[in-house]
Amino acid sequence: MSLSIAVCVKPVPDSDHYDKITIDPKTKRVNRDGIPTIINTMDKNAIEAALKLKELHGGKVTVFTMAPDSAVENLRRVLAMGVDEAFLCSDRALGGADTWATSYTLYKAIEKTGEYDIILLGNETEDGGTAQVPSQLGEWMAIPHMTNIINMTYDEGKVTVERKTDDGSIRYRVALPAVFSVVRETNEPRIPNVMGILKAKNKPLTIFRADDLDLDPAYIGLKGSPTQPGDIFSPDMSRKSELISGEPDAVAQKIIAEIKKTGVIIG
Amino acid sequence: MDISAYKGIHVFCETSKGKIIENSLELLGEATVLKSKLSHNPEVTAVVIGHQLDQYTDLLGEHGADRIILIDDAKYAQYRPDFYAEALAETCKEYKPEIVLVGATLKGEEIGPTAAKILDTGMAAHCVELNIREDGQFVQVVPAFGGKVLGDILCPNYRPQMASMKAGLATKQQFSGQKAVVEAFSPDIKGFGDKIEVLEVIEEVKEKVSLGGAELVVTGGFGIGTQDGWQKLEVLASKLNGVTGCTRPALDEGWTEHEETMIGTSGVAIKPKVYLGFGISGAAHHTCGIKTAGLIISVNRDANAPIFDVSDYKVVGDWEAIVDALIEAL
């Protein structure tokens with residue numbers, strides 16, 4: 001049996017440029033001008049896991065994202081990695097969605113395009129980092145779901161996974177279809193080569209507007225989200241930043257003296 | 001939804017190797033603080049799911065639980081996310097709490113949002129602070145962009161209001177001798193039935209390092225450069241009766257295997273009396289984990305390293321020379 005695999009990805013601002021992020025004091029909006037958008041790191045691990053499964057068992061890998069139209073660029077790169085087809089859900093009406101509404105929209109897009117054996121995601125994103133979408137997508141789809149996957153093998157219609165816990169790991173055997181989210185250590189994502197980039201130009205990439213999907217308007221975007229954003233601010237963590245200068249020995253003595261002042265018993 | 005029917009604060013309390021985890025006890029403490037800020041004095045309830053749970057009740061009472069709900073059955077002896085999440089959701093349907101707190105552990109991050117979807121309510125992830133506004137609204141403060149931005153999250157129209165929080169952010173409270181009312185709850189849980197099968201539970205043999213109670217933490221960033229360099233930090237930490245905490249580069253480069261000591265948004269928040277940072281640039285996703293540290297001293301060759309802005313003392317120079325001098329002096 002060949003596998004039909006869906007992967008949900010998210011374009012996020014490159015975390016190497018987070019220091020450029022500011023908040024407009026008037027509009028209270030996050031200003032991320034000039035920060036490049038990349039595919040979230042763990043989502044690349046999810047794509048890699050999907051491509052490996054396809055290489056072993058045959059099938060098709062389809063990527064989904066909910067993002068602005070500019071995400072087409074990111075999706076082309078995903079297609080260049082070897083993904084077969086991409087769907088972008090892009091509409092103002094979808095903006096401001098929390099994890100509940102986001103996972104609903106992804107579920108409806110997945111449902112519209114076909115049947116999938118395995119749905120993969122990165123365990124969490126770098127920007128919001130909630131780690132909530134995989135579980136909630138699984139609940140919307142009403143199929144088994146599991147997070148923190150470090151490895152996965154497929155045979156005879158089921159998947160055997162190892163999932164990380166805080167005190168070790170647990171191995172499960174899960175019937176398909178199912179949703180899994182993977183962490184960084186699961187694999188090393190491939191980098192697209194020139195051939196992949198050339199091929200990607202001709203691969204199918206479809207943009208869905210809200211009207212293209214059979215969405216309940218009460219479930220989408222900011223309005224459909226159970227959680228609502230309030231105030232946003234930049235935490236002020238600044239301290240006195242007093243310079244200690246001098247030769248290493250003198251600096252060390254000063255550091256030890258400051259540590260002793262705190263009452264911590266050392267040495 | 002009649003939100004006025006929802007009263008009380010539930011804390012999902014997680015067990016590991018026969019103990020209630022610290023994160024859960026901290027959240028019980030947080031719940032008692034929220035309770036004191038709410039005019040209707042809501043009850044704090046510890047919800048424990050697992051098998052053979054009676055041993056935990058005294059501890060939970062002494063950490064602030066007024067009531068304890070034990071969901072105790074052999075089916076919960078091994079962790080199945082579907083069973084645990086459904087059990088938590090069923091507890092909410094039965095007891096109607098206004099607030100549910102869940103530790104942002106690798107299990108909690110799965111149980112919480114799954115239960116939130118079953119209940120079709122909102123959940124704020126990885127809160128760094130929880131408040132009650134003057135009008136009584138529960139405010140969950142969450143980080144975005146690695147802690148560079150913080151935002152308030154509200155859940156005005158749905159109940160319960162669910163929030164997760166990582167270890168080290170809330171503070172345990174002691175209520176010596178407080179006895180909680182204990183009750184058993186046995187919801188009819190189906191989960192995904194035989195579609196999920198537990199094959200094997202693998203307990204980690206590697207000794208875990210806890211930064212939670214550490215008074216002094218030595219940390220190194222990408223600037224450390226080599227495994228030998230990292231070893232020097234280990235030596236320094238042990239000379240100072242402290243422990244080393246790590247950053248993403250130290251983990252990725254393989255200088256340390258202790259992922260549990262990673263500090264920041266994707267790791268733990270720490271509050272040592274002393275934090276010493278060497279060769280750390282100071283990205284927000286690291287520094288938001290040391291916000292409540294006592295004394296912060298950092299050493300970096302780059303005079304413009306952002307870590308200096310959040311430090312009490314800064315040393316501009318070669319970290320290795322300073323570490324060598326410290327080791328020599330101790």
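In what order do the 10 strands of the open sheet run? The order is β13(A)-β7(A)-β6(A)-β1(A)-β8(A)-β12(A)-β9(A)-β10(A)-β11(A)-β13(B), and the pairing is mixed. Strands (E, at least two residues) and helices (H or I, at least four) are DSSP runs, numbered from the N terminus. Two strands pair if DSSP finds at least two bridges between them. The edges are β13 (205-208) of chain A and β13 (196-203) of chain B, each pairing on one side only. On average, neighbouring strands of this sheet are turned by 30° against each other, direction ignored.

The model is predicted: local features need pLDDT of at least 70, side-chain atom pairs count only at pLDDT 80 or more, and totals for chains, interfaces and linings use all residues. Residues are numbered from 1 along each chain as its sequence is written, while chains are lettered from A and ligands numbered from 1 in the order in which they are written.

Within chain A, β8 (residues 118-122) and β12 (residues 178-182) pair in the parallel sense over 5 bridges. Here Ile119(A) stands opposite Val179(A) of β12(A). Helix α3 (residues 99-113) of chain A packs on the sheet. The helix touches β1 (3-8), β6 (59-66), β7 (85-89), β8 and β13 of chain A. Its direction makes about 145° with that of β6(A). Axes are lines fitted to C-alpha atoms, for helices over the stretch in contact, and angles run from 0 to 180 degrees between N-to-C directions.

Chain B is assigned domain 1 (3-195) and domain 2 (216-329), with bounds from an automatic or database assignment. Their centres, taken over C-alpha atoms, are separated by 33 Å. The contact (C-beta atoms, placed from the backbone, within 7 Å) takes 8 residues from domain 1 of chain B and 9 from domain 2 of chain B.

Key: Contact = placed C-beta atoms within 7 Å.
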